[in-house]
Amino acid sequence: MSSPEIASLSWGQMKVQGSAKTYKDCKVWPGGSRAWDWRETGTEHSPGVQPADVEEVVKKGVQTLVIGRGMSEALKVPPSTVEYLEKQGIDVRVLQTEQAVKEYNALAAQGIRVGGVFHSTC
């Protein structure tokens, strides 16, 4: 199974290939995607993306995980989350969301088992 392309991104809206839904924030992995509801783990801009936010995508067997910090990079990614991913043997890339989507799509096009968590606003 390949990772679905992020078909479009604009402020507050993301479309993922193969899904009819429009996401504000989303998680993607080889073969699927879903809305990323911050309330599930109590995520806020600070301290930011927690290991619990990425665990679901990790369990899908990704080699690389791309984290989009928002259009203005307001979403933090603490060192504990990066360390958690590295201990799982996952290459992690933390970028501004537009750059993160470009990176994710490039990796997916190369056939890499890539996953992502993306914030499409601030």
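The chain, taken here from a predicted model, contains 3 helices and 8 strands, and when these are read along the sequence they follow the pattern β-β-β-β-β-α-β-α-β-α-β. The radius of gyration is 13 Å, close to the 14 Å that the globule rule gives for 122 residues, so the chain is as compact as a globular protein of that length. The C-alpha trace spans about 30 × 30 × 25 Å along its principal axes.

An open sheet of 3 strands has the order 1-2-3, and its pairing is antiparallel. Strand 1 (6-10) and strand 3 (22-23) stand at the edges of this sheet, and because each has a single partner strand, one side of each is left without a neighbour in the sheet. Strand 2, made of residues 13-16, pairs with strand 3 in the antiparallel sense over 2 bridges, and K15 stands opposite T22 in strand 3.

An open sheet of 5 strands has the order 5-4-8-6-7, with mixed pairing. Its edge strands are strand 5 (32-35) and strand 7 (91-95), each of which pairs on one side only, and the twist averages 10° from one strand to the next. Within this sheet, strand 4 (residues 25-29) and strand 8 (residues 114-119) run antiparallel and are joined by 4 bridges, with V28 standing opposite G116 in strand 8. Helix 1 packs on the sheet, where it touches strand 4, strand 5, strand 6 (64-68) and strand 8, and its direction makes about 35° with that of strand 4.

Helix 1 passes helix 2 in a right-handed crossing. On the side of helix 1, P51, V54, E55 and V58 take part in the contact, and they meet S80, T81, Y84 and L85 in helix 2. Sorted by class, this contact of helix 1 with helix 2 has 5 nonpolar, 2 polar and 1 charged residues.

Methods. Residues are numbered from 1 along each chain as its sequence is written. This is a predicted model: local features need pLDDT of at least 70, side-chain atom pairs count only at pLDDT 80 or more; totals for chains, interfaces and linings use all residues. Side-chain values use heavy atoms; hydrogens and water are left out. Two strands pair if DSSP finds at least two bridges between them. A crossing is left-handed if the near helix is turned anticlockwise from the far one by less than a right angle, and right-handed if clockwise. Contact means heavy atoms within 4.5 Å. Ala, Val, Leu, Ile, Met, Phe, Trp, Tyr, Cys and Pro count as nonpolar, Asp, Glu, Lys and Arg as charged, and the others, Gly among them, as polar. The radius of gyration is taken over C-alpha atoms; the globule rule is 2.2 Å times the number of residues to the power 0.38. Axes are lines fitted to C-alpha atoms, for helices over the stretch in contact, and angles run from 0 to 180 degrees between N-to-C directions.
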